[in-house]
Amino acid sequence: MDKKRIFITVVIALWIMLIWGHSMQPATVSEQESGRVLYYLGKIFPALLASEGGMVIVRKAAHITEFLILGILLTVAFSNKIYGRFNRFTTPALTGLFIAFIDETIQLFVVGRSGEVRDLWFDFGGVVLGTLIALAFSSGKRTRRKY
């Protein structure tokens, strides 16, 4: 395995650990973290603080953002290994969906948390968006496999 492949694999593993680490936080810790983010975003977008929906927006945006980055990372990792447009999209997207499924399952076992199908869709939406962004910016030039 070359250095670039090792690097992206390590980055993906660390990113998944970050995602699952957030899921392992008890509800009180997670709410405090979201509250801090809401506080700072509220300085830029005061409308977020004006309604109770601000916290929901922050929490769902966190789902989308975490998995958007994951989608980009997975697409980069698979870019030279997968051939065909359909496969270049579905492989990272379905891998991300599996990671999201585990993420929501983890929350079933954490105090005050719940795994929700709605959040799974936000996660999957983030992965799909990240995958599409990465594919849009890829040059389409891939190196040939060395046998």
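Among contacts in the chain between residues at least 6 apart in sequence, what percentage join residues at least 24 apart? The share is 73%, for contacts in the chain between residues at least 6 apart in sequence, where contact means heavy atoms within 4.5 Å.

Before selecting anything, note that this is a predicted model, in which local features need pLDDT of at least 70 and side-chain atom pairs count only at pLDDT 80 or more, while totals for chains, interfaces and linings use all residues. Residues are numbered from 1 along each chain as its sequence is written, and side-chain values use heavy atoms, with hydrogens and water left out.

**The whole chain**

The C-alpha atoms fill a box of roughly 55 × 35 × 25 Å, taken along the principal axes. Of the 147 residues in the chain, 35% are buried; buried means under 20% relative accessible area, exposed over 50%, and partly exposed in between, with a 1.4 Å probe and protein chains only.

**The annotated spans**

Now select residues 10-137, which UniProt, in an unreviewed entry, lists as "domain: VanZ-like"; UniProt positions are given in the numbering used here, feature names are shortened, and annotations may be inferred rather than shown by experiment. Over residues 10-137 the chain is 83% helix and 0% strand, with the end C-alpha atoms 22 Å apart. The unreviewed UniProt entry also places the feature "transmembrane region" at residues 6-25, 64-83, 95-114 and 120-137. Colour two of these spans in turn: residues 64-83 are 75% helix and 0% strand, with end C-alpha atoms 27 Å apart, whereas residues 120-137 are 100% helix and 0% strand, with end C-alpha atoms 26 Å apart.

**Helix α1 against α4**

Next select α1 (residues 3-23) together with α4, which pack at an angle of about 160° with their axes 10 Å apart; axes are lines fitted to C-alpha atoms, for helices over the stretch in contact, and angles run from 0 to 180 degrees between N-to-C directions. The two helices α1 and α4 are therefore roughly antiparallel to each other, on a scale where angles under 35 degrees count as roughly parallel, over 145 as roughly antiparallel, 65 to 115 as roughly perpendicular and the rest as oblique. Show side chains at this contact, where the α1 residues include R5, I8, W15 and H22, and the α4 residues include E66, F67, L73 and A77.

Centre the view on I8, which lies in helix α1 and counts as buried because its relative accessibility is 11%. Leaving aside its neighbours within four places in sequence, I8 is in contact with L73, V76 and A77. I8 and L74 are 66 residues apart in sequence, with their C-alpha atoms 8.6 Å apart in space.

From there, move to N80, in the loop between α4 and α5, which counts as partly exposed because its relative accessibility is 26%. N80 and R5 are 75 residues apart in sequence and 9.9 Å apart in space, C-alpha to C-alpha.

**Helix α2 across α4**

The contact is made by S30, E31, S34, G35, V37, L38 and L41 of α2 and by G54, M55, V58 and R59 of α4.

**Helix α6 and its cover**

Finally select α6, residues 117-137, whose 21 residues should span 30 Å at 1.5 Å a residue, in agreement with end C-alpha atoms that are 30 Å apart; the expected span of a helix is 1.5 Å times one less than its number of residues. Among the buried residues of α6 are D119, D123, G126, G130 and A134, and what covers the buried residues of α6 includes α4 (53-78) and α5 (85-107).

The axes of α4 and α6 come within 6 Å and cross at roughly 40°, and the two helices are therefore oblique to each other. In this contact, the α4 residues include K60, H63, F67 and G71, and the α6 residues include R118, D119, D123 and G130.

End at W121, placed in helix α6, which counts as exposed because its relative accessibility is 58%. The C-alpha atoms of W121 and A100, 21 residues apart along the chain, are separated by 8.8 Å.

Methods
Helix = DSSP H or I, 4+ residues; strand = E, 2+ residues; numbered from the N terminus.
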